[in-house]
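The sequence and structure are shown first.

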Amino acid sequence: TGKNGQIGRELAAMLPRIGNVVALGHAELDISKPDHIRNLIRSVKPQLIVNAAAYTAVDKAESEVSLATAINAQAPGIIAEEAKNIGASLVHYSTDYVFDGSKTTPYSESDAPNPQSVYGRTKREGEIAIHQSGVDHLIFRTAWVYAREGKNFLLTILRLATQREELKIVRDQIGAPTASHEIAAATSRIIGKLFTSKGDKSPFATVSGTYHMTAAGETSWAGFTEAILDHARSYSARAPWFVAATNNLPLIAKRVVPISTAEYPTPARRPAYSVLSNRSLAETFQTHLPDWRTQLRSIFAGS
């Protein structure tokens, strides 16, 4: 599901190397409608469902509670229930926003969630619904996702850098910017290993649970902005994605002014610190994602 989203787009290109894939976007599946979900799963009868669809408009969710709940909380539960009924496994993505951000060291999977926004709460409710269904599953919590397409922080900064000489960016929210390509690549590696492992049980049975999957390292939104602009200023490839992001206009941004969250109020509360520990992912699957700076560098290095 979610084949046109940031992670789904990447998965649609990678997962066919492992098996036959039925990739669905909103046109093929309205994930806010339970009957659509049930009918489609019963028709396709998959071995594995990878749910990359989500309501991700964090601020808008504060005023669209019903829609965010339908997509982030209710749909995962229905998908999990239907998967359980046909003996399928489920991969699902969640978020750092399930935590309140009060810690100052990376969150582990055993830390108690305490979401502070409608988005975070509905994503947590989706996690709970999956757990309660009893389906064999992997929930990957990720954070600060960006890509060369879609709506995300990277593309917003590149656009603003063509419009303003000064960018005021929040300095006191700390996280790990994670490229959707790396999330999809890690997911594909894990799925590939599980489906080639031998055993009588479902491939997911012994590892079923929640795992954190983010870039290594940490930074603030202001720090991420500085890094983006450093790469952009020296970027000469003029790849189509970059031209689209900047509308082929020159960068005029000269400085980043770090500001506090209080100086940039938003409808939804964000965690002040939402770095996730990836230790469990590494120990269980021998998989890790590169440092956030390395990931950003690879975005600009590709064509």
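How much accessible surface does the protein have, and what percentage of it belongs to carbon and sulfur atoms? In this predicted model, the accessible surface is about 14,100 Å², and carbon and sulfur atoms hold 49% of it.

The protein contains 10 helices and 10 strands.

| Property | Value |
|---|---|
| C-alpha span along the principal axes | about 60 × 40 × 40 Å |
| Residues counted as buried | 50% of 303 residues |
| Contacts with a separation of 6 or more that join residues 24 or more positions apart | 83% |

The largest nonpolar core has 34 residues, and the members touching the most others are Leu-154, Leu-158, Trp-241, Leu-296 and Phe-300. At least two residues of this core come from each of helices H5, H7, H8 and H10 and strands E5 and E10. Helix H7 contributes the most, with 7 residues. Beyond its neighbours within four places in sequence, Phe-300 is in contact with residues including Leu-154, Ile-228, Tyr-235 and Trp-241. Another core, apart from this one, has 26 residues, among them Leu-24, Ile-37, Ile-49 and Leu-90.

Helix H3 covers residues 65-86; at 1.5 Å a residue its 22 residues should span 32 Å, which agrees with the 31 Å between its end C-alpha atoms. H3 has a kink of about 40 degrees at Gln-74, shortly before Pro-76. After H3 comes Gly-87, with a positive phi near 75 degrees.

Notes. Residues numbered from 1 in each chain as written. Predicted model: local features only at pLDDT ≥ 70, side-chain atom pairs only at ≥ 80, totals over all residues. Heavy atoms only, no water. Helix = DSSP H or I, 4+ residues; strand = E, 2+ residues; numbered from the N terminus. Expected span 1.5 Å × (residues − 1). Bend = angle between axes of the 7 residues up to and from the residue. Core = buried A, V, L, I, M, F, W, Y, C linked by side-chain atoms within 4.5 Å. Buried < 20%, exposed > 50% of the residue type's maximum accessible area, 1.4 Å probe, protein only. Contact = heavy atoms within 4.5 Å. Areas by Shrake-Rupley, 256 points an atom, 1.4 Å probe, with all protein chains shown as cover.
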